[in-house]
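This briefing is intended for a reader meeting the structure for the first time.

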Amino acid sequence: MNAIMSRWLDDSRLMGIVFLAPATLYIVLLVGLPFITALLFSVSTATVGDASFNYVGLRNFAHVWQTPAFRDALVNTFSFTVVAQIITIVLANILAQLLTAPLPPRRSARIGMWIARMLLILPWATPLSLSVVGWLWMFDSKYSPIDYILREMALLGPDTVWGPANNLIWLGKPLLAKASIIFVHVWRMTPLATVILMAGLSSIPTDLLDQAEVDGSRYLRTLFQVKLPLVMPIMLISLLFGFIFTFGDLTVVYILTRGGPITHTLTLPMYSFLVGIDGGNLAQGAAVSLFIFPVLLLVAVVLLRTASRAEIR
Amino acid sequence: MATLTTTPTPAQGPRLIRVLRGTLYTTLVLFFCLLASSPFLVMGVVTFQTDQDLYKRGASPFDYEDMPTLEHLDNLFNDTRYLSFVRNSTLTGIAVVVVTLVLSLPAAWALARLTGRWGEHAGILMFIVYLVPPTLLFIPLFRIIVQLGLRDSLLSLILVYPSISVPFSTWLLMGFFKSIPPELEEAALVDGFNRYEAFWRVVLPLARPGVISVVVFTFTLTLHEFIYSLVFISSSEARTLSTGVPTELIRGDVFFWQPLLASALLVAIPVGLVYNLFLDRLVQGFTLGAVKG
């Protein structure tokens, strides 16, 4: 008995299974099961009050697809995500270059850099729903501090380029509201993209950079022909995170506009929430959010493939 | 902030160019810092402004015409449920950290050591699960929570949040476990420990920095999460910070701006400090699993 016991205790494969089982079981129950439930909901008539299963085929998807609000949500979700990612990756590259530049060996420079890093990381560290409340104030229709600065710069107000009104009303006009939402996404994702890129830049072997310098390569040439190709895999990873966080985000739109004016800033997560939770129609809400899945899967597969291929080379 | 005047590549080129380059560098860094921190700077100003000062049309939103006041902070702590949000977030955070450690520590060890085909598949599964956004699952999970009778209970969040933290934590810990040589465990076996004792007494103490990172990451994650908290909890007593502040401190169209912005700032500063301290490890976790996993 004791011998069997000790054989079990020393069996590394058994231990692997025992150690892996709880996490795997948990994930199957809390991710796998809900995912299947979402699929079932989307082909049924489930509501909050009644979860009995009536199979209706793809009728929910067909119905959702024909709703103009859904079309707006689909287009917005894509355009917000893509535009925000492009701006984010450009800004993050500039910032990562700035922050990895060698500092003079002065204590003041190190302290300054520490403060800068603290300020730069804040958008990512703060719970998004709280920082977006800050932006709600920044974009306020009457008291917006941004409007105040524009007025002081004589860009806004009577007899100015963007006048004659005293306020831009950021969240009340379709184009400005879209721009505001994209801006907040960029603001939020840039710190993460930057630190991921910095990790990539710092892993480039220094002898490679020394070699480039010996060969007479100038700053920009080293940047574009040595550094950027080498950080490409990790840049794709940061794009992947940015894409998924932005595409699936409810917080920014929920707090800033709730999809308004009308449906000009509606996104898939917001629409899914409005239909499924506020409206109580679980079936159609699930159908809306399921449109997100194939897109995310495709993006994940393409970016990860490209990243791992870029790494082998 | 003149301390930031630095030259990216010291001792290169003539003095004038060096100075120009240093100035450009400082300007750019300051510009980004200002952009990143602008809402927080404004929060800091607004928190202490009187209503009269805040709602004066055309007046500068950046300085004080009236004496700064502590009235709104007092108001936030005594007349709102802010402290109860803080308590709920803290309780949820601690519970989720415990659940996450219990699930991900053994799983990470198994994935790091048992690099068979099974281990590989499970590793990929963890990555895919981390990429599943709450947006996709909140509707069926809402139904499940309602059926379990956990609506408006913090237990619903404690049950669901590890589905986000476990995959990430497992990656992060995998990296730490891989860096611990298996010979150490073998030596423990020779000393008469069984494999489980070896894990507990030899491996875990060595992975302490990883465990600390997981604690920090998981706690801040529960602080950040919005969708599940919004959907599962609708009673104001059980709200957490991330949903309580934007829903309870805004009533209809009435905004209590000073307490609202103060409450955001009070969370931002400590979390920002912690993130700054643990930045490198968090980044390692973010990229490690994706590139090497």
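Where in chain A is A:Ile169 found? In this predicted model, A:Ile169 belongs to the loop between α7 and α8 of chain A.

**Backbone features of chain A**

- Most residues other than glycine have a negative phi, and most peptide bonds are trans.
- A:Ile169 has a positive phi, near 55°, although the residue is not a glycine.
- A:Ile169 is partly exposed, because 16 other C-beta atoms lie within 10 Å.
- The loop between α7 (145-152) and α8 of chain A also holds A:Ala154.
- A:Ala154 likewise is not a glycine and has a positive phi, in this case near 60°.
- A:Ala154 counts as exposed, because it has 11 C-beta neighbours inside 10 Å.
- The peptide bond joining A:Gly260 and A:Pro261 is cis, with omega at about -5°.
- A:Pro261 sits in the loop between α11 (251-256) and α12 (268-278) of chain A.

**Helix packing within each chain**

- Two packed helices are described by the angle between their axes and the distance between the axes.
- In chain A, helix α4 (residues 68-100) and helix α8 (residues 174-202) have axes that come within 7 Å and cross at roughly 45°.
- At that angle, α4(A) is therefore oblique to α8(A).
- α4(A) and α8(A) form a right-handed crossing.
- The contact of α4(A) with α8(A) comprises 18 nonpolar and 7 polar residues, and no charged residues.
- In chain B, helix α4 (residues 82-113) packs against helix α8 (residues 162-178) at an angle of about 45°, and the axes are 7 Å apart.
- α4(B) is therefore oblique to α8(B).
- The crossing in which α4(B) passes α8(B) is right-handed.
- Residues of α4(B) in this contact include B:Val96, B:Leu103 and B:Trp109, while those of α8(B) include B:Pro162, B:Leu173 and B:Phe177.
- By class, the contact of α4(B) with α8(B) has 14 nonpolar, 5 polar and 1 charged residues.

**The contact between the chains**

- Chain A contributes 82 residues to the contact and chain B contributes 81 residues.
- Helix α14 (residues 257-292) of chain B supplies the largest share of the chain B side, with 17 residues.
- The side of chain B that touches chain A is made up of 59 nonpolar, 18 polar and 4 charged residues.
- Helix α13 (residues 282-290) of chain A and helix α6 (residues 134-147) of chain B have axes that come within 8 Å and cross at roughly 160°.
- α13(A) and α6(B) are therefore roughly antiparallel to each other.
- The crossing of α13(A) past α6(B) is left-handed.
- A:Leu282, A:Gly285, A:Ala286 and A:Ser289 of α13(A) meet B:Thr135, B:Leu136, B:Ile139, B:Pro140 and B:Arg143 of α6(B).
- By class, the contact of α13(A) with α6(B) has 5 nonpolar, 3 polar and 1 charged residues.

**Chain B: overall make-up and domains**

- Chain B has 14 helices and 2 strands.
- Of its 293 residues, 47% count as buried.
- Among contacts in chain B between residues at least 6 apart in sequence, those joining residues at least 24 apart make up 72%.
- The domain assignment divides chain B into domain 1 (2-69) and domain 2 (78-292).
- The C-alpha centres of domain 1 and domain 2 of chain B are 34 Å apart.
- In the contact between these domains of chain B, 7 residues of domain 1 meet 7 residues of domain 2.
- Helix α1 (residues 15-47) of chain B gives the most to the domain 1 side of that contact, with 5 residues.
- The domain 1 side has 4 nonpolar and 3 polar residues, and no charged residues.

**Buried sites in chain B**

- Helix α13 (residues 241-248) of chain B is largely enclosed by the rest of the structure, because 6 of its 8 residues are buried.
- The buried residues of α13(B) are B:Leu241, B:Ser242, B:Thr243, B:Gly244, B:Val245 and B:Pro246.
- B:Gly175 lies in helix α8 of chain B.
- B:Gly175 is buried, because 21 other C-beta atoms lie within 10 Å.
- B:Gly175 and B:Phe255 are separated by 80 residues in sequence and, C-alpha to C-alpha, by 46 Å in space.

Terms used. Residues are numbered from 1 along each chain as its sequence is written. Chains are lettered from A and ligands numbered from 1 in the order in which they are written. This is a predicted model: local features need pLDDT of at least 70, side-chain atom pairs count only at pLDDT 80 or more; totals for chains, interfaces and linings use all residues. Two residues are in contact if their C-beta atoms, placed from the backbone, lie within 7 Å. Helices (H or I, at least four residues) and strands (E, at least two) are DSSP runs, numbered from the N terminus. Ala, Val, Leu, Ile, Met, Phe, Trp, Tyr, Cys and Pro count as nonpolar, Asp, Glu, Lys and Arg as charged, and the others, Gly among them, as polar. A residue is buried if 20 or more other C-beta atoms lie within 10 Å of its own, exposed if 12 or fewer, and partly exposed in between; C-beta atoms are placed from the backbone. Domain bounds come from an automatic or database domain assignment. Axes are lines fitted to C-alpha atoms, for helices over the stretch in contact, and angles run from 0 to 180 degrees between N-to-C directions. Angles under 35 degrees count as roughly parallel, over 145 as roughly antiparallel, 65 to 115 as roughly perpendicular and the rest as oblique. A crossing is left-handed if the near helix is turned anticlockwise from the far one by less than a right angle, and right-handed if clockwise.
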